[in-house]
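The sequence and structure come next.

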Amino acid sequence: MGLPVLSLLGVMSFNVQSIRSQFPILQQTVHGKPLVYLDNGATTQKPQMVIDAISDVYLRYNSNIHRGIHHLSNVCTDAFEAARAKVQQFINARESCEVIFTRGTTESINLLAFSFGETFLKAGDEIIITSMEHHANIVPWQMLAERKGLTLRVVPINDCGELLMDEYARLINPRTRLVAVTHISNVMGSINPIGQIIDMAHAYDIPVMVDAAQSIQHHKLDVQQLDCDFLVFSGHKMYGPTGIGVLYGKEKWLNQMVPWQGGGEMIEKVTFEKTTYNQLPFKFEAGTPDYAGAVGLGAAIDFINGIGLSAIEAYEQGLHQYAMERMQAIPGMRFIGQAQNHSGVISFLVDNIHPFDMGMFLDKMGIAVRTGHHCAQPLMQRFDIPGTVRASFGLYNTTDEVDILVAGIQKVKQLFG
């Protein structure tokens, strides 16, 4: 059994058992075993207060927002815009109009690739990304590059999974128009020096987009302090619902960018001859939005704030350290990415056991991990591997669950001789 969590981590205000009790899905068994959910990098589970908030929309005040004059529409509109204000405060955006609701990180990046690309980029321009990006921060820029005649430049990494900052500096040149970089690798957990990346780009007046899908739920992000130009993230990775996400952008950029979808709400006036567009943020929110999802995201922010990101970060850092110490003792263990600055994701291989086999047998023991290339095929090619097993931690995971994972890995090793 693991050490008592509170004494291990010294986070006396963090009651993990009380937190776990708020997640109904964690109380079940899988294949006759208690569920050990270690796939938080893919999606997090939802606390009861988020589930209740979404249900409350449909039970009490479901109605299309903004354009109605009746009671239900007004109540729903107020709840939707209150959720936007919660996001603004959570990331410390200067204005609520800088918060654009999308379907998630992927749509946020696609929106930016289209609208920023159509407004500011031309043939011969360059965009800088990194070799550890999720496909969502590769493919939209490739599509834009093919459409506009651009060039993608890729910052390489070392064997520990850390960006080679000297190479980044070398890639910046007069043709660079945007830097788009993940804050935390979804495969390796490497935490990139995002402040330094932004400062180096801004020295040449180059805007920076930060993919915060893997960091927003673990670390406090202040967009004004970071001075990032754009920030993207998904609700479902921060204990909120699926189908809702955010594109934050500085107002000076968003005001200049062309819309990427046309329809209701994003217009000011439509004639058959010409359409004029609505003000921010509505210019980028065509059609009926997922207002129930936005309310659920607001409830997820309330949940996180109720615990406190500093307490969450301290607890998860201790849990990750404990997991690394336990897993390092397993013979044949190989970690993919061992950056000095690391978050709660552990990707690994054991002996010659295929990741799918490891994941399948762990599942039979009630342990949920992710296997495969994790939507980062170029990174897999960098390490010359077909994929990894990934254990990713959230605020409700425990040292006892780490012990179960370690025992499960050892049992699979025995099965494969």
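Ser-234 is buried, as its relative accessible area is 5% (buried means under 20% relative accessible area, exposed over 50% and partly exposed in between, with a 1.4 Å probe and protein chains only). The residue belongs to strand S9, residues 230-234 (helices, H or I of at least four residues, and strands, E of at least two, are DSSP runs numbered from the N terminus).

The model is predicted: local features need pLDDT of at least 70 and side-chain atom pairs count only at pLDDT 80 or more, while totals for chains, interfaces and linings use all residues. Residues are numbered from 1 along each chain as its sequence is written, and side-chain values use heavy atoms, with hydrogens and water left out.

The side chain of Ser-234 makes a polar contact of 2.6 Å with that of Thr-105 (a pair of N or O atoms within 3.5 Å; within protein, one must be able to donate a hydrogen and the other to accept it, and residues adjacent in sequence count only if both atoms are side-chain atoms). Leaving out residues up to four places away in sequence, Ser-234 touches Gly-104, Thr-105, Ile-244 and Gly-245 (contact means heavy atoms within 4.5 Å).

## Aromatic pairs

A pair of aromatic rings is described by the distance of the centres and the angle of the planes. Rings of Phe, Tyr and Trp (its six-membered ring) pair if their centres lie within 6.5 Å; planes under 30 degrees apart count as stacked, over 60 as edge-to-face and the rest as tilted. The count by this rule is 13 aromatic pairs. Phe-23 and Tyr-396 are edge-to-face, because their ring centres are 4.7 Å apart and their planes stand at 75°. The pair links distant parts of the chain, 373 residues apart: Phe-23 is in the loop between helix H2 (16-20) and strand S1 (29-30), and Tyr-396 is in the loop between strand S17 (388-392) and helix H15 (399-415). Both Phe-23 and Tyr-396 are buried.

Phe-80 and Phe-101 make a tilted pair, at 5.1 Å centre to centre and 55° between the planes. Phe-80 is in helix H4 (residues 71-91) and Phe-101 in strand S4 (residues 99-102), so this pair ties together parts 21 residues apart in sequence. Phe-80 and Phe-101 are both buried. One aromatic cluster is formed by Phe-23, Tyr-239, Phe-303 and Tyr-396.

## Charges over rings

Lys-220 lies over the face of Phe-90, 5.4 Å from the ring centre (NZ of Lys or CZ of Arg must be within 6 Å of the ring centre and within 35 degrees of the ring normal). Arg-382 lies over the face of Phe-383, with 5.1 Å to the ring centre.

## Salt bridges

Side chains of opposite charge can pair when their charged atoms come close. A salt bridge is a side-chain nitrogen of Lys or Arg within 4 Å of a carboxyl oxygen of Asp or Glu, and by this rule there are 23 salt bridges. In the one between Glu-265 and Arg-67, the closest N and O atoms are 2.3 Å apart. Glu-265 is in the loop between helix H10 (251-256) and strand S11 (267-270) and Arg-67 in the loop between helix H3 (48-61) and H4, so the bridge ties together parts 198 residues apart in sequence. Glu-265 counts as buried at 13% relative accessibility, whereas Arg-67 is exposed at 51%.

Arg-84 and Glu-81 also form a salt bridge, with 2.8 Å between the closest N and O atoms. The two residues are separated by about one helical turn, because they are three residues apart in helix H4. Arg-84 is buried, with a relative accessible area of 1%, and Glu-81 is partly exposed, with 25%.

## Backbone features

Leu-280 and Pro-281 are joined by a cis peptide bond, with omega about 0°. Pro-281 lies in the loop between strand S12 (275-277) and helix H11 (291-307).

Cys-375 is not a glycine, yet has a positive phi of about 55°. Cys-375 is in the loop between strand S16 (370-372) and helix H14 (377-383) and counts as partly exposed at 32% relative accessibility. Asp-384 likewise has a positive phi, near 55°. Asp-384 lies in the loop between H14 and S17 and counts as exposed at 70% relative accessibility.
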